[in-house]
Amino acid sequence: LGVVGPMPCFRAALFRVEDDELDAEHLPGDTVQHINGTISCLFAAMQSSGATDAVAWRAMSTVAEVKSVRRLMRVHPQVRGLFKCLLSSLGAGERALTEQLVSFLKQIFTGATDQFLSTEPIMFDNMGRADGLKRLLSALLQSWRDNADVLHRGNIVAFLADAMFFSSFTDAWQVHAQARDLISILFDALLWKGVEGTAGLALGNFVSANGHIDLILDHDRAAHSISNVGWFLKRTTPGWDTKMQIYYLWRVLRSRKGCRLLSRHPHADLVIAGLLTGVRHATNEDNEVLSLLECFLTDEDTRPVVLLGSNPGRLLDGICELLSDGEPELSEPTCLLLQALLDATGPGALLTWTGAAKLVGALSRKPHGKDAQWHGKDIIDAVVPMLQWQPSMTSALSLEFKRAWLSDQIHSSGPGDSVEISVSRGDLLRGVLESLRDPKGLQHGVKVKFMGDETGAGDGHRRECFRLVISALCDMEFGLFKSIDGG
């Protein structure tokens, strides 16, 4: 094991797997059978003579780096004996041995959620069910206190993050006598260099499995964790780590209790500032920041914090960038966030923002795809009466929106009578403009009557009226059109 583990060439020869990231499902049947037989030999060797050998566990950890191998290890018939051996060795408390045991746990649980339905009951049973998991957590907490090595602590946090995807694991740990200690070390790890994002993932997973968040919100250091996230978001460029810390906030702060906690927090402005920075970096896989800000805008306690100072403008910056250049799948959550902002501020926040024309244009474009939904149309429909007299806004509207809007106006009501307008030949344009200022007048047709001594009505009068209107609009003295050749 000491030779095979660290050396990829030996590892490949032993397992007949050249690619460490290859799924077991893609291996030939005889190769899978061979790997399972080799795993049986390794497990037997560990239980017979390697249980307290740190080098042997290090080799096992390296072997488990191979994706297809660790997936087969997790569901192997003899893995229960290996885990029983591991728990006994953890109880020894020897530092170098414990480091390698934790490293192996981290590796074998990496990606375990890929096999979620089949893996959870097997792993839960093989770890000794609730009693075994409690022993495991006690040993990990003791090792955290005894060993301040950053890599070792990072491995503990990484293992917890993956293991806490399983509700059976979190159920056992939430009733553990040292559950608050577990939460405390994860709170601290939010600022531990190299594991900040993993700590956020672990905390988020801790409450995601069964939705119980009171263990965190009622913790005497809950406010401390929010400060840690706020400062981390302030000093860190958006990336995976910041998204995982936002994931933690998304899990615990969307409740009424969570919103009250944030609204009273002295560093709430730091948290909101970090979330606003993260909006433009949202992806289809990691878009929790959008629904979290939407929640804060709809809550009466947190709404004032989000709307403080220049925050609405910063939020519109991020929304505009997502709708203009982001993934198409983000259109719906982004529009929901924008609608929450407009509900909180009124349409003025959008119409007076410096980038309003670009955002209006993005909202008015119909997404491509047969089943794509036009989420921005309802928002633009609501503000059209206010922006239709602003040329910069109306020119930004897409042609497809204008066509759809006009069609909606014409067909938005049931049967009715045509409207009759009276116009003067001497002031024709003004009369037509005033009479048709309300677009709903076009819904059921138009009748035209010329003022003065003229009599009669019907299609002829209507056609003459619109012929004269077109002629007046095209008159060079009117100034609407300009000749480029003097003609």
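**Entry 1: the pocket**

I kept in mind that I was looking at a predicted model. I began with the largest pocket, which holds about 480 Å³ of space. How many residues line the largest pocket? I got 24 residues. Nearest its centre I found Leu323, Pro328, Ser331, Arg365 and Pro367.

At least two residues each come from α20 (311-325), α21 (331-345) and α23 (356-364). The largest share is that of α20, with four residues. Sorting the lining by class gave me nine nonpolar, eight polar and seven charged residues.

**Entry 2: ring pairs**

I then turned to the aromatics and counted 11 aromatic pairs. I looked at two of them in detail.

In the pair of phenylalanine 159 and tryptophan 173, the ring centres are 6.3 Å apart and the planes stand at 70 degrees, so I logged the pair as edge-to-face; the angle has to be over 60 for that. Phenylalanine 159 sits in helix α9 (residues 150-163) and tryptophan 173 in helix α10 (residues 167-174), so this pair links distant parts of the chain, 14 residues apart. Buried or exposed? I found both phenylalanine 159 and tryptophan 173 buried.

My other pick was tryptophan 374 with phenylalanine 401. Their ring centres are 6.3 Å apart with the planes at 85 degrees, so this pair is edge-to-face. Tryptophan 374 is in the loop between α23 and α24 (377-387), while phenylalanine 401 belongs to helix α26 (residues 399-411), so the pair ties together parts that are 27 residues apart in sequence. Tryptophan 374 has 19% relative accessibility and counts as buried because the cut-off is under 20%. Phenylalanine 401, at 1% relative accessibility, counts as buried.

**Entry 3: a cluster**

Which residues do ring pairs link into a cluster? I wrote down Phe109, Phe124, Phe159, Phe166, Phe169 and Trp173. Phe159 and Trp173 are the edge-to-face partners from my previous entry.

**Entry 4: arginines over rings**

Last, I looked for charges sitting over rings. Arginine 254 lies over the face of tryptophan 250, at 3.8 Å from the ring centre. I also noted arginine 425 over the face of phenylalanine 450, where the distance to the ring centre is 4.1 Å.

Note on methods: Residues are numbered from 1 along each chain as its sequence is written. This is a predicted model: local features need pLDDT of at least 70, side-chain atom pairs count only at pLDDT 80 or more; totals for chains, interfaces and linings use all residues. Side-chain values use heavy atoms; hydrogens and water are left out. On a 1 Å grid over the protein atoms alone, a cavity is a set of points where a 1.4 Å probe fits but cannot get out, and a pocket is an open set with protein on both sides within 12 Å along at least five of seven lines; lining residues have an atom within 4 Å of a point. Grid points are joined across faces, edges and corners, and a volume is the space filled by probe spheres set on the points. Ala, Val, Leu, Ile, Met, Phe, Trp, Tyr, Cys and Pro count as nonpolar, Asp, Glu, Lys and Arg as charged, and the others, Gly among them, as polar. Rings of Phe, Tyr and Trp (its six-membered ring) pair if their centres lie within 6.5 Å; planes under 30 degrees apart count as stacked, over 60 as edge-to-face and the rest as tilted. Buried means under 20% relative accessible area, exposed over 50%, partly exposed in between (1.4 Å probe, protein chains only). A charge sits over a ring if NZ of Lys or CZ of Arg is within 6 Å of the ring centre and within 35 degrees of the ring normal.
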